[in-house]
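Subject: A structure for you to look at

Hi there,

Here is the structure I promised to pass on. Please open it and keep it beside you while you read my notes below.

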Amino acid sequence: MVDFLAENNLCGQALLRLSEFIPAVFRLKDKSDQQKYGDIICDFSYFKGPEYYDSKLEAKPDLQDLDDEFRENNLEILSRFYLAFESVHKYIVDLIRYLDDLYEGVYIQQTLETVLLNEDGKQLLCEALYLYGVMLLVIDQKMEGEVRERMLVSYYRYSAARSSADSNLDDICKLLRSTGYSSQSGAKRPANYPESYFQRVPISSTFISMVIGRLRSDDIYNQVISVYMGITVNLVEAWEPYKAAKIALNYTLDSANIREQASRYSVSMEGLRPQIQQLLKEGFLREEIVLDNVPKLLNCLRDCNVSIRWLMLHTADSAYDPNNKRLRQIKDQVINDSKYNPKILFQVLLDTAQFEFTLKEMFKKMLSEKQLKWESYRTEGSERMTELAEVFSGVKPLTRVEKNENLQAWFREISKQIESLNYEDSTAAGRKTVQLIQALVEVQEFHQLESNLQVCQFLADTRKFLHQMIRTINIKEEVLITMQIVGDLSYAWQIIDSFTSIMQESIRVNPSMVTKLRATFLKLASALDLPLLRINQANSPDLLSVSQFYSGELVTYVRKVLQIIPESMFTSLAKIIKLQIHAIMEVPTRLDKDKLKDYAQLGARYEVAKLTHAISIFTEGILMMKTTLVGIIKVDPKQLLEDGIRKELVRRVAYALHKGLIFNPKAKTSELMPKLKEMAATMDGFYRSFEYIQDYVSIYGLKIWQEEVSRIINYNVEQECNSFLRTKIQDWQSVYQSTHIPIPKFPAVDESATFIGRLCREILRITDPKATCYMDQLNTWYDLKTHQEVTNNRLFSEIQDTLGTFGLNGLDRLLCFMMVKELQNFLSVFQKTILRDKAMVDVFKAMLSAVNPVKGIVANASKGYANAVAKTQKIWGPYLESIMKVGQMQILRQQIANELNYSCKFDSKHLAAALENLNKSLLADIEAHYQDPSLPYPKEDNNLLYEITASLEAAGIHNPLNKIYITTKRLPYFPIVNFLFIIAQLPKLQYSKNQGMTCRKATDPVDWSPLVLGLLTLLKQFHSRYTEQFLALIGQFIRSIMEQCTSQKIPDMPSDVVGALMFLEDYVRYTKLPRKVGLD
């Protein structure tokens, strides 16, 4: 039976854990989600006509592609949810099978009645039924019915379960279909809920009746009860549909009875508070007082916990529906009649937790030392009697003690009797010890020994040791078990959160309050015993994972409460930085003495010192909390402080970046540079504050700053790149996201998901080749219409100042993803549109035959080329746009690489030199390997090349133009198409000696550098023979046109030939090819 319970008790923890990972898309709350996924996410209506839904998908390739992408991204998490749901179904099926076996007599001499009569059997059977009900209620509370249905349907569609013969998916769907219940405040309760929900898998009514009958005489109910780990239920509301239960409950809920109960607990609190405070006074709880007053102390502890439990449950907001008038009235009466004050209740909870903790620690210590101390007292008592026997022998001199052989023999016998006491037989030893104490009292009275003070002292000491032995033998583990049961705080697992603000305010006012809170957190940790008990008894391998889950939840709450310390520290820091920047003047190296007073600024400096002292006090407060084991997780206060500082830093920096980098695309002049400068000042303020604080709180400020800022930027880059990935990286999969120090996510303000996307798209917008002209020699963009400077390479220095190396590197990575997407779209259009247009293909064929052989001269060149360009004119618009977009992004990547390389050489010249030399060495070794395969080469499982590439890109030691961005296949006519494209653009351009190739008309914009770099990048993605053919066609074009000009005696070189020559010149320059290639 224990195995059966333990095997499935994991379900509850799995459900609570999984409920936090429901993909938001299954809720379909956003309009965008509804429009995008509405056709592929279905509820159980899908089962009425699956063919209809499947045919709808098959009819639309885009929808089918989206469905495949959705499956790849969500199947893993859907499988986890399904396994949890399946476990719940298996649990109840196993329970029913066990009950059937009991009924059929499979277990000899055991029936349902005999199991329920046994205390352990009753406990386990009641728990089994209770846990099933809890699991169903948790599912309905934490996972809405519609969401469950959508997830189950998606799992059915995407997994192999639909085709598996032994799958019980149908039964699971029947059990977990939507009940109509909503956990939203004010939602109406469905008819016959939850009994109709519980009846979906029928359980023997005889079993349920017997369980209720067995419990009826045992349990005492309040109207607000805790169901499981802080999930509370108000019976007034829950029993409303049940007539008999409602009538029975109403007898206890009349106004007079509520007043009596509330007043009783109010009086109890008033009396207990000073009592607990007295017990907690320094030095009051000594060992002898504790041992003499165990029942009284336990009663006090019990009364405190009962009062706290009643008041917490009956005043909790979660227990009362604000839309239910009767519940509101009951709550108001409870609060008024109990004189409820949350601060006083919290103080009593603190004191009780501290008292409980102190008492437990004392008992644990006494239990560990019990045998040692008992044996020590026995030895002391025996030796005292032996010494007295020697005194009455007349041999040992003692003032005025005559020889007395009878007393000598008697004391020797008592010594032997004490020595013979056996620790293992505590009952007999206790009884005999009492008799010995009585005998020592009598010997003092009957033998007139009172006159000798020294003998009396020996006897008193021995009696004292014997009393101590009785006290010590009565130290039993049952006291600790009682304290554990009495002090259970699992009912407050969720309610405690309502006291968070009180805790935080107490810490803010008095940081040393953390030491008292430690005891409260440990008391809350006792709640972990409830879900772990059966799993532990069954030696389940899931014990560790379940322990980690609940311990992690509690540690998260501890972090939440203590987060007030870093928050308060940062508030003080902000004031310090403001004073340092705006109020305190920097003292010059040389200063006239008459100006000394002006620079002293005592008021401002005193304020800085005061704020700094406050920060130190906060630090001292949290460090006063000793290293504590919360569940199975060790909580180190220094680590807590550092994590809290990191969390607050991440929250503030992430918010500043989100708010500071929002751009208005309709602004007349770009907001980019002003906002970057403003953001740089903000980031510098954060940096300076960290530099200032690190010594006062004993942390590595620079290390934390670099780690957290890089994590924020990398996470945002990752999230932005998700839009370009088929398989998305979810938060729980991200290496940059953290549970304890989470990076906040903000709602998107435009097409970009994050600030890095907005920054990248704003740069792309202001450097758009259709609106600007890039001057390569000046590294500057100019407006095509006004000829005014738009931006220059200083932009990337500003980004470096604002976001650092991580920001530039992240921007570069995002541009790579954008380029890949653009190139993929371009190739898709090329294959699906250009190559499927018969008229276009005919032109390409005709042109190919006209230019063959390539080393020859094309007859009637001008006319032939012009005709081909005219016939293909309609395809060049989108073609040009894609090429220039890729070229634009390559220019930006080059500028980023230059800035990264410059800053690396300036800030870390040794790193730059080491990377360059390592890169050259590796390339030399690889080249040597290809010449002689016997030489070494990095193996497949060696990450060296991958890691060095990442480091080289971060240091700007790479050429973006040499990268392969996509994998490609052979494309027919590709060189000739690109050749026709480039000669189609040449008439739109003109050559200027000072400016190079520029656009002729602003109304028909073509930007030269993006055009060359875009085409270069495109050709780089294919086999080098395509590039060779393309360059050969341009060379042939130049020769053919010039030949025609010579024969017609045209003195000037045609502008198209100049443009073609400039293209070759720039192509060779960018690719670093030898000029011979261009000449050939």
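Let me start with one residue. Glu762 is buried, since its relative accessible area is 4% (buried means under 20% relative accessible area, exposed over 50%, and partly exposed in between, with a 1.4 Å probe and protein chains only). You will find Glu762 in helix H32, residues 755-766 (helices are DSSP runs of H or I with at least four residues, numbered from the N terminus). Apart from neighbours within four places in sequence, Glu762 touches Phe663, Ser670, Glu671 and Leu672, where contact means heavy atoms within 4.5 Å.

A word on how to read this: the model is predicted, so local features need pLDDT of at least 70 and side-chain atom pairs count only at pLDDT 80 or more, while totals for chains, interfaces and linings use all residues. Residues are numbered from 1 along each chain as its sequence is written, and side-chain values use heavy atoms, with hydrogens and water left out.

Next, a pair of helices. The axes of H17 (residues 342-391) and H21 (residues 477-486) come within 10 Å and cross at roughly 160°; axes are lines fitted to C-alpha atoms, for helices over the stretch in contact, and angles run from 0 to 180 degrees between N-to-C directions. H17 and H21 are therefore roughly antiparallel, the term for angles over 145 degrees. On the H17 side, Glu356, Leu359, Lys360, Phe363, Lys364 and Leu367 meet Glu477, Val479, Leu480, Met483 and Gln484 of H21.

Now the aromatic rings. The structure holds 43 aromatic pairs (rings of Phe, Tyr and Trp, the last by its six-membered ring, pair if their centres lie within 6.5 Å; planes under 30 degrees apart count as stacked, over 60 as edge-to-face and the rest as tilted). Tyr82 and Tyr155 are stacked, because their ring centres are 4.2 Å apart and their planes at 15°. Tyr82 belongs to helix H4 (residues 61-104) and Tyr155 to helix H7 (residues 145-158), so this pair ties together parts that are 73 residues apart in sequence. Both tyrosines, Tyr82 and Tyr155, are buried.

Phe974 and Tyr1026 make a tilted pair, because the centres are 5.8 Å apart and the planes at 40°. Phe974 is in helix H39 (residues 974-985) and Tyr1026 in helix H41 (residues 1024-1047), 52 residues apart.

Happy browsing!

Technical notes. Helix = DSSP H or I, 4+ residues; strand = E, 2+ residues; numbered from the N terminus. Parallel < 35°, antiparallel > 145°, perpendicular 65-115°, else oblique.
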